[in-house]
Amino acid sequence: MNSSAGKVIAFTASIFIVMVGLFYLSSSENDSVLLPKLTPGSYRPVITVGGSPVSVILADTPQERARGLSGRSALSPQQGMLFIFDKDDYYGIWMKDMNFAIDIVWIDAEGNIVDIKKHVTPESYPEVFSPKTTARYVLELPSDFTEIRNITVGGKVDLSAIGM
């Protein structure tokens, strides 16, 4: 056998071994080898708000929505909390146990911004802030996010990263 044929056989055997190894590692009982398990709350999808990317903490259970951002010290500049509801309504937000100011953005089921409340401070508690029209989602952002990025009512939010 010439050296060229030997190299082809060795290369083919190497590819075969790698493929068998990947097949083994991707089997259902070994998923954690290739894909680390995420702890609850560790996945941060990125949505787009008026063209600006925002990594969102999802609040999609009654317990998470009730807790919201209470007790946290801050949000990073490109981070927010997205409250997901099953139906359209006038969802109110208050600042109970909040430690920093936020902007509140209400979004309809099609991703249209229907209302915004800017620079809501912890001192406003127990006041409840509600939208002028019904919404499906509420997005809490760092204070002045909407001002700095010129986010306005009528703007769009791309929620495809969360399957919406």
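This report walks through confidence, nonpolar cores and aromatic pairs in a predicted model.

## Ground rules and confidence

Local features here need pLDDT of at least 70 and side-chain atom pairs pLDDT 80 or more, while totals for chains, interfaces and linings use all residues. Numbering runs from 1 along each chain as its sequence is written, and side-chain values use heavy atoms, with hydrogens and water left out.

The protein chain averages a pLDDT (the predictor's confidence in each residue, from 0 to 100) of 84, and 74% of the residues score at least 70. Residues 22–41 sit below 50, with ten contacts (heavy atoms within 4.5 Å) beyond near neighbours in sequence.

## Two cores

A nonpolar core is a set of buried Ala, Val, Leu, Ile, Met, Phe, Trp, Tyr and Cys residues joined through side-chain atoms within 4.5 Å; buried means under 20% relative accessible area, exposed over 50%, partly exposed in between (1.4 Å probe, protein chains only).

The largest one has 20 residues, and Leu69, Ile102, Ile104, Trp106 and Val138 touch the most other members. At least two residues each come from β2 (52–59), β3 (79–89), β4 (102–107), β5 (113–120) and β6 (135–142), where strands are DSSP E runs of at least two residues, numbered from the N terminus. A separate second core of 18 residues includes Val49, Val56, Leu82 and Leu159.

## Aromatic pairs

There are two aromatic pairs (Phe, Tyr or six-membered Trp rings with centres within 6.5 Å; planes under 30 degrees apart count as stacked, over 60 as edge-to-face, the rest as tilted). Phe85 and Tyr91 are stacked, because their ring centres are 3.5 Å apart with planes at 10°. Both Phe85 and Tyr91 are buried.

Trp94 and Tyr125 go edge-to-face, with centres 5.2 Å apart and planes at 65°. This pair links distant parts of the chain, 31 residues apart: Trp94 is in the β3–β4 loop and Tyr125 in the β5–β6 loop. Trp94 is partly exposed at 42% relative accessible area, and Tyr125 is partly exposed at 35%.

Methods. Helix = DSSP H or I, 4+ residues; strand = E, 2+ residues; numbered from the N terminus.
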